[in-house]
Amino acid sequence: MTLDVLYEDNHLIAVYKPAGVLAQGDKTGDICLMDEARAYLKKKYQKSGNVFLGLLHRLDRPVSGVVLLAKTTKGASRLSEQFREHQIEKIYNAIVVGKLKENRGVLINQLQKDIDKKRAVISKKLDGKEAELSYKVLSTNDKLSLLEIKTQTGRFHQIRAQLSAIGHPVLGDLKYGAPFALPNKSITLFATSLSFETPTTKEKKTISIAMPGQWHSMLK
């Protein structure tokens with residue numbers, strides 16, 4: 001893959017993650033975003049040794065969009081704190097199955113992680129981790145709806161599980177109840193925008209990327 005760099009400063013680098021690419025390597029040995037970004041930095045700055053790179057957050061393998069990485073330990077420490085304190089605004093777009101009853105809403109659930117099935121489960125008891133998101137319907141053709149989503153928490157598979165729980169799974173997401181898979185095995189969930197404060201200058205930055213153009217044609 002060719003790395004698509006969206007932003008870079010002395011401490012951070014934001015890149016585009018295509019659907020199907022791992023954010024971080026696993027036992028499969030498949031190509032991952034971290035390795036590609038590390039190779040890019042090694043070549044650009046002619047580093048002879050190891051290159052430090054910190055993964056600040058993740059996107060699931062079938063999800064595409066903006067991923068922020070740390071080039072320094074200072075960047076990693078300060079941005080990790082912003083993530084922990086929910087100071088980073090994350091905006092997603094998603095095409096979901098069906099037409100929602102309300103054009104805007106807030107979803108709050110207790111989520112548990114099913115390790116064996118590698119999925120998040122909504123718990124009716126107060127024994128999970130609270131997950132909260134807000135959504136806005138941008139357009140719909142009754143069969144599918146395009147949403148803008150803001151997450152207030154960053155739980156495992158949060159958006160996928162919460163939308164499925166209200167009967168509107170993300171298109172292509174078989175794990176959470178979508179009726180069919182997409183040809184490229186992706187799902188229509190896209191990390192559109194990430195807003196944060198730079199580690200040293202404290203400048204507010206927003207990194208955005210347009211969602212796939214073909215999504216609009218799905219809603220015609």
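Accessible areas come from the Shrake-Rupley method with a 1.4 Å probe, and for residues only the protein chains shown count as cover.

View 1. The accessible surface comes to about 11,900 Å². Carbon and sulfur atoms hold 48% of that area. Of the 220 residues, 46% count as buried (under 20% relative accessible area, 1.4 Å probe, protein chains only).

**View 2. Overall fold of the protein.** Four helices and eleven strands make up the count (DSSP runs: H or I of at least four residues for helices, E of at least two for strands, numbered from the N terminus). The radius of gyration, 18 Å, is close to the 17 Å of the globule rule for 220 residues, so the protein is as compact as a globular protein of that length (radius over C-alpha atoms; rule: 2.2 Å times the number of residues to the power 0.38).

**View 3. The second largest pocket.** This pocket is an open set of points on a 1 Å grid over the protein atoms alone, where a 1.4 Å probe fits, with protein on both sides within 12 Å along at least five of seven lines. Its lining has 15 residues (an atom within 4 Å of a point). N184, S186, P212, Q214 and W215 lie nearest the centre. Helix α4 (residues 214-218) gives the largest share of the lining, three residues.

Residues are numbered from 1 along each chain as its sequence is written. In this predicted model, local features need pLDDT of at least 70, side-chain atom pairs count only at pLDDT 80 or more, totals for chains, interfaces and linings use all residues, and side-chain values use heavy atoms, without hydrogens and water.

Note on methods: Buried < 20%, exposed > 50% of the residue type's maximum accessible area, 1.4 Å probe, protein only.
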